[in-house]
Amino acid sequence: MADEDYPNDLLYHPDHDWARLDGDTAQFGITWYAQDQLGEVVFFEPPAVGTQVSKDEPYTEVESVKAVSDVIAPMSGEVVEVNDALKDAPEQINSDPYGQGWMVKVRLTEDSERESLLDADAYRASLS
């Protein structure tokens with residue numbers, strides 16, 4: 001598995017979700033491992049802007065050719081932006097999980113939660 005499958009600038013949740021921190025906000029998405037296990041993603045329904053999300057709790061679902069799976073929030077906060085492009089092109093979750101496949105942007109409410117997330121090396125180690 002290549003290092004680029006798990007970028008070093010992200011923090012990872014053990015349930016295969018990631019957070020890209022930017023001040024008091026973060027983008028969330030699912031990891032390469034998660035999208036690989038799901039198979040081809042065929043549907044993503046984002047939560048509404050203004051939705052409160054809680055760390056370790058599902059905030060949306062993705063549907064693939066194999067299953068419908070919960071997406072777990074790596075940190076708590078309020079959804080301030082959703083990736084509407086995924087409604088028409090959910091396959092971007094597979095083809096570019098850390099770029100065009102991001103799911104939501106959240107205004108964080110519990111900055112200390114970052115300390116329980118994994119860096120890329122620890123996340124990679126958890127997969128082996």
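**Exercise 1. Which residue forms a salt bridge with Lys87, and how far apart are the closest N and O atoms?**

Solution. Lys87 forms a salt bridge with Asp84, and the closest N and O atoms are 3.8 Å apart. The criterion is a side-chain nitrogen of Lys or Arg within 4 Å of a carboxyl oxygen of Asp or Glu. Lys87 is partly exposed, at 44% relative accessible area. Asp84 is partly exposed too, at 43%. The classes are: buried under 20% relative accessible area, exposed over 50%, partly exposed in between (1.4 Å probe, protein chains only).

The model is predicted: local features need pLDDT of at least 70, side-chain atom pairs count only at pLDDT 80 or more, and totals for chains, interfaces and linings use all residues. Residues are numbered from 1 along each chain as its sequence is written, and side-chain values use heavy atoms, with hydrogens and water left out.

**Exercise 2. How many salt bridges does the structure hold? Describe two further examples.**

Solution. The structure holds seven salt bridges. Side chains of opposite charge can pair when their charged atoms come close. Take Asp111 first. The side chain of Asp111 meets that of Arg114 at 2.6 Å, N to O. Asp111 is partly exposed, at 44%. Arg114 is partly exposed, at 30%. Now take Asp56. Its salt-bridge partner is Lys55, with the closest N and O atoms 3.2 Å apart. Asp56 is partly exposed at 41%, whereas Lys55 is buried at 18%.

**Exercise 3. Give the strand order of the open sheet of six strands. Then state why one side of S1 and of S5 is left without a neighbour.**

Solution. Step one is the order: S1-S2-S3-S9-S8-S5, with antiparallel pairing. S1 (11-13) and S5 stand at the edges, each with a single partner strand, so one side of each has no neighbour in the sheet. Strands are DSSP runs (E, at least two residues), as are helices (H or I, at least four), numbered from the N terminus. Two strands pair if DSSP finds at least two bridges between them.

Three bridges join S1 to S2 (residues 17-22) in the antiparallel sense. Within this pair, Tyr12 has Trp18 in S2 as its bridge partner.

S5 (residues 52-53) runs antiparallel to S8 (residues 77-82), with two bridges between them. Gln52 is partnered by Glu78 in S8.

Step four is the other pairing of S8. Five bridges link S8 to S9 (residues 104-108), again antiparallel. Here Val82 stands opposite Val104 in S9.
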